Amino acid sequence: MFLKYIELLDQWNSKCNLIKIRDHLELVEYHFLDSLQILRTCSWEGRLRVVDIGTGAGFPGVPLKICLPNLEMYLVEAQRRRCVFLQQLIEELNLTGCYLLCNRAEILAHNLEYRAAFDRVVVRAVSSLPVVLELGLPFLKEGGFLVAMRGVEVQDEINKSSRALSLLGGEVNKIVEYQVGERRPHHLLIVRKVFATPPKYPRRPGIPQKRPL
Ligand code: SAM
């Protein structure tokens, strides 16, 4: 399945720049293996309902779904072109129980079908931490976990997110350091949802980025 994924990415990258990769080793290390680091965070057993916000070309949601087929995986992506790729990927890999939501997270999080409906939220390379929390926490059930894949500096980001955490119902659970390939260590930040997010969040599309909490 990963080989098919590479083939499809190659096809698309030759037409339009879907992701920046120099070679297949980089793709395997910095996208596939990096995405799978999420498995080090909390329990991933059973039929968990997971949403990947801003999945782009499918990271980290698709590698997770390939390795744990029992997951019910929702891929959220706002860009039309990326959604066309993702739809083709889901079909070609025959990913049953993998659903594409082609819309902005700010809109989907107010839909009753998705609000407070997920056991896990995963987010990689989407905006600053306060924005990630505003987009992600509304999707989580109380007691569920949001896993934010962050870079080299994480403590400073957490310090700047204390207001967002307390307004949105999140609490830092743990930080896991990891290293893939030659890169400097990166961090997985695990946030537990401790109370329901107030209905006014997330704010209108674009506002979380423009005026972070
Ligand atoms: N998560 C992927 C990864 O790690 O390779 C993609 C990262 S890419 C830098 C960010 C993606 O998030 C883009 O495809 C963008 O369209 C999507 N995105 C950003 N804000 C979004 C929002 N509010 N709702 C849905 N998708 C969003």
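User: Which loop does Pro202 lie in?
Analyst: This is a predicted model, where local features need pLDDT of at least 70, side-chain atom pairs need 80 or more, and totals for chains, interfaces and linings use all residues. Numbering starts from 1 along each chain as its sequence is written, and side-chain values use heavy atoms, leaving out hydrogens and water. Helices (H or I, at least four residues) and strands (E, at least two) are DSSP runs numbered from the N terminus. On that scheme, Pro202 sits in the loop between β7 (186-193) and α9 (207-210).

User: Is the peptide bond from Tyr201 to Pro202 cis or trans?
Analyst: Most peptide bonds are trans. For Tyr201 to Pro202, though, omega is near -5°, and the bond is cis.

User: What is omega for the peptide bond from Phe59 to Pro60?
Analyst: Pro60 belongs to the loop between β1 (49-53) and α3 (61-67). Its bond from Phe59 is cis, with omega near 0°.

User: Which residues are closest to the ligand?
Analyst: A residue counts as near if one of its heavy atoms lies within 4 Å. The ligand has 17 residues around it, and the closest are Gly54, Phe59, Glu77, Arg82 and Arg124.

User: How far is a polar side-chain atom of Glu77 from an oxygen atom of the ligand?
Analyst: Glu77 is among the closest residues to the ligand. Polar contacts here pair N or O atoms within 3.5 Å. For this side chain and that ligand oxygen, the distance is 2.6 Å.

User: What about the backbone of Ala105: how far is its polar atom from a nitrogen atom of the ligand?
Analyst: Ala78 also has a backbone N or O atom 3.3 Å from a ligand nitrogen. For Ala105, the polar backbone atom and a ligand nitrogen are separated by 2.9 Å.

User: How do α1 and α4 run relative to each other?
Analyst: Axes are lines fitted to C-alpha atoms over the stretch in contact, with angles from 0 to 180 degrees between N-to-C directions. Helix α1 (residues 2-15) packs with helix α4 (residues 80-92) at about 150°, their axes 11 Å apart. Under 35 degrees is roughly parallel, over 145 roughly antiparallel, 65 to 115 roughly perpendicular, and the rest oblique. So α1 and α4 are roughly antiparallel.

User: And how does α1 lie against α2?
Analyst: The axes of α1 and helix α2 (residues 24-36) come within 12 Å and cross at roughly 120°. That angle is why α1 counts, relative to α2, as oblique.

Note on methods:
Polar contact = N/O pair within 3.5 Å; in protein donor to acceptor, adjacent residues only side chain to side chain.
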